[in-house]
Amino acid sequence: LSAGLFFFPHYGGYETYDAAQNQRTLADLQVTEWLLSQFSTIDEVKAALSSVRVVGLEKTAVVHWRIGEPSGRQVVLEIVGGVPHFYENEVGVLTNAPGFEWQLTNLTNYVNLHPGDASVQKLSGITLQPTGGNSGFLGIPGDATPPSRFVRAAFYRGTAPQRATGFDTVQQCFHLLNNFDIPVWHYIPVSYTHLRAHETLANLV
């Protein structure tokens with residue numbers, strides 16, 4: 001398996017901590033380590049999650065998780081009101097809040113996007129044509145908010161060519177990730193991209 005957690009403020013919420021149930025309690029930041037060390041499939045994780053209670057160390061620092069297996073299957077785990085929800089992640093991307101279902105619905109606002117160039121149009125007797133390449137993505141959001149990053153990630157990943165080798169695939173992944181670097185801003189000195197990583201489950205790296 002592979003897994004990662006993503007900040008999920010204002011939308012998720014865990015069970016209340018109960019000292020009497022310490023033996024079956026996990027802090028949210030321990031969930032990734034727990035599932036990677038105990039299970040080898042997503043179905044095993046789904047079956048076992050009811051055996052533990054997930055709580056937060058900090059009420060405002062809620063997260064959600066991306067979980068993937070070598071078959072290519074990916075799911076998103078979100079805990080809302082103490083209730084876990086698993087979503088099949090066929091688009092293969094995840095950012096932060098709002099919730100995953102909302103992010104998928106938001107993609108329909110960009111149904112006009114497509115790889116390549118926009119077609120030439122006629123308007124009141126004049127011809128309108130693209131001013132440059134890749135105009136099929138004209139209107140894709142470019143800001144650093146989680147919804148905009150989700151849209152960019154979904155379309156960039158979904159239209160990227162399949163590479164023949166693992167090395168070429170990793171190179172392409174880092175090319176795609178370059179589009180999501182968040183720069184350092186003077187008023188939010190810690191909220192920026194610190195590093196980028198890639199996982200290759202077929203080679204376990």
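Reply: Start with accessibility: buried means under 20% relative accessible area, exposed means over 50%, and partly exposed is in between. The model is predicted.

Me: Why is P130 called partly exposed?
Reply: P130 has a relative accessible area of 30%. That value lies between the 20% and 50% cut-offs, so P130 is partly exposed. P130 is found in the loop between β8 (126-128) and α4 (146-159).

Me: What does P130 touch, not counting residues up to four places away in sequence?
Reply: A118, V120 and S135. As for A153, P130 is 23 residues from it in sequence and 23 Å from it in space, C-alpha to C-alpha.

Me: Why is G116 called partly exposed?
Reply: The relative accessible area of G116 is 36%. Buried needs under 20% and exposed needs over 50%, so G116 is partly exposed. G116 sits in the loop between α3 and β7 (121-123).

Me: Which residues is G116 in contact with, leaving aside its neighbours within four places in sequence?
Reply: N134, S135 and G136. G116 and F137 are 21 residues apart in sequence, and their C-alpha atoms are 7.6 Å apart in space.

Me: Now the rings. How many aromatic pairs does a search of the whole structure find?
Reply: Eight. One of them is F8 with Y11: the ring centres are 6.2 Å apart and the planes are at 25°, so the pair is stacked. The cut-offs behind that are 6.5 Å for the centres and under 30 degrees for stacked planes.

Me: What makes the pair of Y87 and F100 tilted?
Reply: The centres of these rings are 6.2 Å apart, with the planes of Y87 and F100 at 40°. Stacked needs under 30 degrees and edge-to-face needs over 60, so Y87 and F100 are a tilted pair. Y87 lies in strand β6 (residues 83-88) and F100 in helix α3 (residues 100-106), so the pair ties together parts that are 13 residues apart in sequence.

Me: Why do Y87 and F100 count as buried?
Reply: Y87 is at 18% relative accessibility. F100 is at 1%. Both values are under 20%, so both residues count as buried.

Me: Which residues form one aromatic cluster?
Reply: F137, F155, Y156 and F180.

Me: How do you know that the buried residues of α1 line one face of the helix?
Reply: The buried residues of helix α1 (residues 31-38) are V31, T32, W34 and L35. Seen down the axis of α1, they fall within an arc of 165°, so they line one face. On the other side of α1, E33 and S37 are exposed. The buried residues of α1 pack against β1 (2-7), β2 (25-27), α2 (42-48), β3 and β4.

Me: Why does L57 count as exposed?
Reply: L57 has 64% relative accessibility. The cut-off is over 50%, so L57 is exposed. L57 is placed in the loop between β3 (53-55) and β4 (63-68). With L5 and L29, L57 makes a nonpolar surface patch of about 300 Å².

Me: What makes R53 and E15 a salt bridge?
Reply: Their side chains meet at 3.4 Å, N to O. The cut-off is within 4 Å, so R53 and E15 form a salt bridge. The pair links distant parts of the chain: R53 is in strand β3 and E15 in the loop between β1 and β2, 38 residues apart. R53 is buried at 7%, whereas E15 is partly exposed at 33%.

Me: How many salt bridges are there?
Reply: Three. Another joins D43 and R73, with the closest N and O atoms 3.0 Å apart. D43 is in helix α2 and R73 in the loop between β4 and β5 (74-80), 30 residues apart. R73 also meets E88 in a salt bridge at 2.7 Å, N to O. R73 lies in the loop between β4 and β5 and E88 in strand β6, so this pair ties together parts that are 15 residues apart in sequence.

Me: Which residues are linked in a network of salt bridges?
Reply: D43, R73 and E88. D43 is partly exposed at 49%. R73 is partly exposed at 22%, and E88 is partly exposed at 40%.

Terms used:
Residues numbered from 1 in each chain as written. Predicted model: local features only at pLDDT ≥ 70, side-chain atom pairs only at ≥ 80, totals over all residues. Heavy atoms only, no water. Phe/Tyr/Trp six-rings, centres within 6.5 Å; stacked < 30°, edge-to-face > 60°. Helix = DSSP H or I, 4+ residues; strand = E, 2+ residues; numbered from the N terminus. Buried < 20%, exposed > 50% of the residue type's maximum accessible area, 1.4 Å probe, protein only. Patch = residues over 30% accessible without salt bridge, like charges linked within 9 Å, V, L, I, M, F, W, Y side chains within 5 Å. Areas by Shrake-Rupley, 256 points an atom, 1.4 Å probe, with all protein chains shown as cover. Arc of directions from axis to C-beta. Contact = heavy atoms within 4.5 Å.
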